[in-house]
Amino acid sequence: MIRVTFLHQNGRPVGFICTGHAGFAEAGSDIVCSAVSALAQTAVLGLVEVAHIPAGYSVREEGSLRCTIGGDATDAQRKDAALLLDTLAAGLLAVDESYPGYLKFSDREV
């Protein structure tokens, strides 16, 4: 199962953590893992390389990706980050609707 934790600060999205594997199919053929990975990595690229928002991220081989907005982000950058993170959430929820039972969502205030 893939666990996705959306991180919030004062009710505003500031990051996410994705861990685990879907188990939909064998490694390398798992379309649910591929979809989640593509969405999460695209969100990081959107934040860091397109919107130039200070964000820290880490990827681990065991199947985890963590991304958080830096404390030095401006209000405008935080607003842009919220749009990108909300878009990530919408995409992940769409994957969950198409392939129910492979993702678990939670929220955490940080």
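Analyst: Let's start at H52, which sits in the loop between α1 and β3 (helices are DSSP runs of H or I with at least four residues, strands runs of E with at least two, both numbered from the N terminus). The model is predicted, so local features need pLDDT of at least 70 and side-chain atom pairs 80 or more, while totals for chains, interfaces and linings use all residues. Residues are numbered from 1 along each chain as its sequence is written, and side-chain values use heavy atoms, without hydrogens or water.

H52 is not a glycine, yet its phi is positive, at about 55°. H52 counts as exposed because its relative accessibility is 56% (exposed is over 50%, buried under 20%, partly exposed in between, with a 1.4 Å probe and protein chains only).

Now look at N10, in the loop that joins β1 (2–9) to β2. N10 also has a positive phi of about 55° without being a glycine. With 73% relative accessibility, N10 counts as exposed.

The loop between β2 and α1 comes next, and E26 is found there. E26 is exposed because its relative accessibility reaches 66%. Between E26 and Y57 there are 31 residues in sequence and 27 Å in space, from C-alpha to C-alpha.

D30 is in the loop between β2 and α1 too. Here the setting is buried, yet D30 has no salt bridge (a Lys or Arg side-chain nitrogen within 4 Å of an Asp or Glu carboxyl oxygen). A polar atom of the D30 side chain does, however, lie 3.1 Å from the backbone nitrogen of C33.

C33 leads us to the largest pocket, where C33 is among the residues nearest the centre, together with G20, S37, G63 and S64. A pocket is an open set of 1 Å grid points where a 1.4 Å probe fits, with protein on both sides within 12 Å along at least five of seven lines; lining residues have an atom within 4 Å of a point. This pocket is lined by 16 residues. Its largest share, six residues, comes from α1. At least two lining residues each come from β2 (12–20), α1 (31–50), β3 (55–60) and β4 (64–69).

Definitions and conventions
Lys, Arg positive; Asp, Glu negative; His and termini not counted. Polar contact = N/O pair within 3.5 Å; in protein donor to acceptor, adjacent residues only side chain to side chain.
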